[in-house]
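Please work through the exercises below with the sequence and the structure at hand. Each task is followed by a solution in steps.

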Amino acid sequence: MLQTPEQRIRSLNLALPKISKPAGNLLGFKVDRGLAYISGQLPLEDGVVKYTGRVGDAVSQKTA
């Protein structure tokens, strides 16, 4: 039986973070040919930046 993305997320006991409000007239994501491109989103958790640094330097790929 096929699940919607929302059902799959719930079945894995995951929660998506709230999307931060844009500082201007910007798109947070764009879908093109079945791929979602995400830009300008900070790793916020409860309004606080959770991770800082570059992936591979200060933040591991597994963490990011």
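The model is predicted: local features need pLDDT of at least 70, side-chain atom pairs count only at pLDDT 80 or more, and totals for chains, interfaces and linings use all residues. Residues are numbered from 1 along each chain as its sequence is written, and side-chain values use heavy atoms, with hydrogens and water left out.

**Exercise 1.** Determine which side chains meet in a salt bridge.

Solution. Apply the criterion: a side-chain nitrogen of Lys or Arg within 4 Å of a carboxyl oxygen of Asp or Glu. The count is 1 salt bridge. E45 and K50 form this contact, with 3.0 Å from N to O. Next, consider accessibility, where buried means under 20% relative accessible area, exposed over 50%, and partly exposed in between (1.4 Å probe, protein chains only). E45 is partly exposed because its relative accessibility is 44%; K50 is likewise partly exposed, at 44%.

**Exercise 2.** State how the lining of the largest pocket divides by residue class.

Solution. The classes are nonpolar (Ala, Val, Leu, Ile, Met, Phe, Trp, Tyr, Cys and Pro), charged (Asp, Glu, Lys and Arg) and polar (the others, Gly among them). The lining divides into 8 nonpolar, 2 polar and 3 charged residues.
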